[in-house]
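Trainee: I'm new to this one, could you walk me through it?
Mentor: Gladly, let's bring it up and begin with the aromatic rings.

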Amino acid sequence: MSADVAALIRRGAPTPCAGRFVLEIEAWQAMIARLRAAELPLLGLWSDGVQVHALFRQGQTPLVASVGVSSEGYPALSPVRAGARGAERIIHDLWGIPATGGSRDPWLDQGRWPVATPLAAHSAPTPGLPEGREFIDGPAVMRAGGTVLGHGPAEGDFRAPFHLRLGLPGAGIEAVQPCMGYAHRGLAARLRGLAPQQAALLVARIDATATVAHQRAFARALHHATGTPMPAQGVAAGVMLGAMERIATHLDMLAQASAMGGDGRCATLAATMLEQVRQICRELCGRRLLFDVIVPPATVKVRVEDTQLATLVGQHALLHRLFWRPRGLAARVRGKGVLSAITAARWGILGCNARAAQKGQGDMTDRLDARLDEIGESLSLLAALPEGSAMAPEGGQGEGLGWAQGPAGPVWHWLRVEEGHVAAWWCGDPSLALVQALPTILSGAAYEDVDLILAALGLSATGADL
Amino acid sequence: MAQLNLFWPEGMPLPRLEALDIFHIESGGCTGCGLELASLSRALLAGSHPIRFVPTPRQAGMLLLTGSLTVGMAPVVELAWQAMPGARVLAVVGDCAVDGGLFGGNYAVLGGVGARARTRVALPGCPPAPDEILAALVRWQTTEGKR
Ligand code: SF4
């Protein structure tokens, strides 16, 4: 069935972007009808104001279906792919393009922006409500009754801001309504008209926990759009830096989760390892956080000293033992914040969180264990020093799509380049799917555990809001 | 004298400092500054240092902002500031919070708070390292903060 839908998409009109096809509205509707029974996962949905694009994955191949936007908008994908809901609301907020059959509730726009539909060609000024849009509890929160508690956007922690309304009829959370937009910086509007080098500076600062992934995905999209080959050395450096980033981000999460879970030994060791990794990054690239290391193509040959690697490998083994010791963190967080394989499939969650769901029930223990595994794999990768092979560009006609595996899952970038400048851009970050899955993940949790569960999820509001 | 071992394996001696409770708000950045603050917070905790990051503005003497101020976060920052008791000071850390950095004003962002409000600590950098943030706090405490 998936092959059927993929074939239908491929019958659309080809575009300058390899793997993207424009469908007539009837074909788009037929695609939606067939998606109901097909397994083709949806990885992203966005608009450039003229068309709406849906990114699917067939096996390991990305496939983009596009449809022209009419005065009524475009037929919604959310009835057959729940993960499209957030993106449809974002497209409506930014472009004013509605998804027929989908929700028009705001997702990013809390009513304070001075313009409505800021990306549209004729975005209208609005007075902007000084108090913002009144926060109305959704039916799920109202139905839950009992106590309604808020969480965020300012908890004194170090994460990007977002707000949750939590309905607790008893001891456990039964309803969750996320409120996003606090971290929205209007990146799509900022990138328009920039030269790729300037755009890359902003891309590197989408989310500091996945900066290398964003830089690599953007560099790949750019390389496909412009037809410039990517030298082998740059590809290899990207792989190594991606491994360094994965280690650092996972260690940060383990340190946070251990501290919150009351496991001081794990917390101290994870924090110590993290500082060593940041120090190594400073020695290799001149920065503790890996901003601006990929574009222009990285020329550094990333080679971590053998002694530094050996220390990290030894500490990783110890951290693993500490994690699994009796009454250690693994036992303390068992059963909390379950993200099952079914939930992951429903919302299009991939990467380390989906991998954890395959390991067991997908609770916090599985998630943190998956992160520990990925740290081990990344350390082996750093030790092996793989040679990258040069990447030949696909297309080279002004439009490109690229992806990279980030610590929380795959990150996607798409861009259109006109006269040497970015004309349109989209970024797909795994956090948007995680936010949408929060009602399921937090269901039944105690209010005191919310912070802990969020910390281990790797959800970044700045990646979701852009 | 307290030692900070987390950033420097050989340890770094710290001067004796006054207690300071800091409430941090990430007001719309990439969280890079937040990550470095988290590192600092862990090191301070490990060293039982009297500078602490607290979970509520009601017990804080310093409001520390990172990130450019988004229109969504502006009222949140205002509420936190109003909730702080007694003498309170504002600190901005990182280019975004100091003057907007790469994220200047647009429809969703007001810009850096440092360019609009009176701040007592303003530390540029993208992001400044934990030792630089600590040095800025110590500098403020040993000069202005004692007055
Ligand atoms: S100053 Fe730099 S590191 Fe800090 S929040 Fe802004 S972009 Fe991120």
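Mentor: Before we start, keep in mind that this is a predicted model. We also need one definition: rings of Phe, Tyr and Trp, taking the six-membered ring of Trp, pair if their centres lie within 6.5 Å, and planes under 30 degrees apart count as stacked, over 60 as edge-to-face and the rest as tilted.

Trainee: Okay, so how many aromatic pairs does the structure hold over all chains?
Mentor: Over all chains there are 6 aromatic pairs. In one of them, the ring centres of Trp46(A) and Trp414(A) are 5.6 Å apart and the planes stand at 50 degrees, so this pair is tilted.

Trainee: Where in the chain do Trp46(A) and Trp414(A) sit?
Mentor: Trp46(A) is in strand β3 (residues 42-47) of chain A, while Trp414(A) is in strand β12 (residues 409-418) of chain A, so the pair links distant parts of the chain, 368 residues apart.

Trainee: And what about the rings of Trp46(A) and Trp426(A)?
Mentor: Their centres lie 4.0 Å apart with the planes at 10 degrees, so that pair is stacked. It too links distant parts of the chain, since Trp426(A) belongs to strand β13 (residues 421-428) of chain A and is 380 residues from Trp46(A). Taken together, ring pairs join Trp46(A), Trp414(A) and Trp426(A) into a cluster.

Trainee: Is Trp426(A) buried or exposed?
Mentor: Trp426(A) counts as buried because its relative accessibility is 10%, and the cut-off for buried is under 20%. Trp46(A) is buried as well, with a relative accessible area of 3%, and Trp414(A) is also buried.

Trainee: Switching topic, which ring does Arg185(A) lie over?
Mentor: Arg185(A) lies over the face of Phe103(B), at 4.5 Å from the ring centre. Within chain A, the charged end of Arg205(A) sits over the ring of Phe291(A), 4.7 Å from its centre.

Trainee: Now cavities, how many are there of 30 Å³ or more?
Mentor: The count comes to 6 cavities of 30 Å³ or more, and the largest cavity holds about 210 Å³ of space. It is lined by 18 residues, and those closest to its centre are Phe158(A), Arg159(A), Thr209(A), Gln256(A) and Leu459(A).

Trainee: Which elements give two or more residues to that lining?
Mentor: They are α8 (232-260) and α16 (450-457) of chain A, together with α1 (32-46) of chain B. The largest share, 3 residues, comes from α8(A).

Trainee: What is the lining of the largest cavity like by class?
Mentor: By class, it has 10 nonpolar, 5 polar and 3 charged residues.

Note on methods:
Residues numbered from 1 in each chain as written. Chains lettered and ligands numbered in written order. Predicted model: local features only at pLDDT ≥ 70, side-chain atom pairs only at ≥ 80, totals over all residues. Heavy atoms only, no water. Helix = DSSP H or I, 4+ residues; strand = E, 2+ residues; numbered from the N terminus. Buried < 20%, exposed > 50% of the residue type's maximum accessible area, 1.4 Å probe, protein only. Lys NZ or Arg CZ within 6 Å of the ring centre and 35° of its normal. 1 Å grid on protein atoms, 1.4 Å probe; cavity = no way out; pocket = protein on both sides within 12 Å on 5 of 7 lines; lining within 4 Å. Points joined across faces, edges and corners; volume = space filled by probe spheres on them. Nonpolar A, V, L, I, M, F, W, Y, C, P; charged D, E, K, R; others polar.
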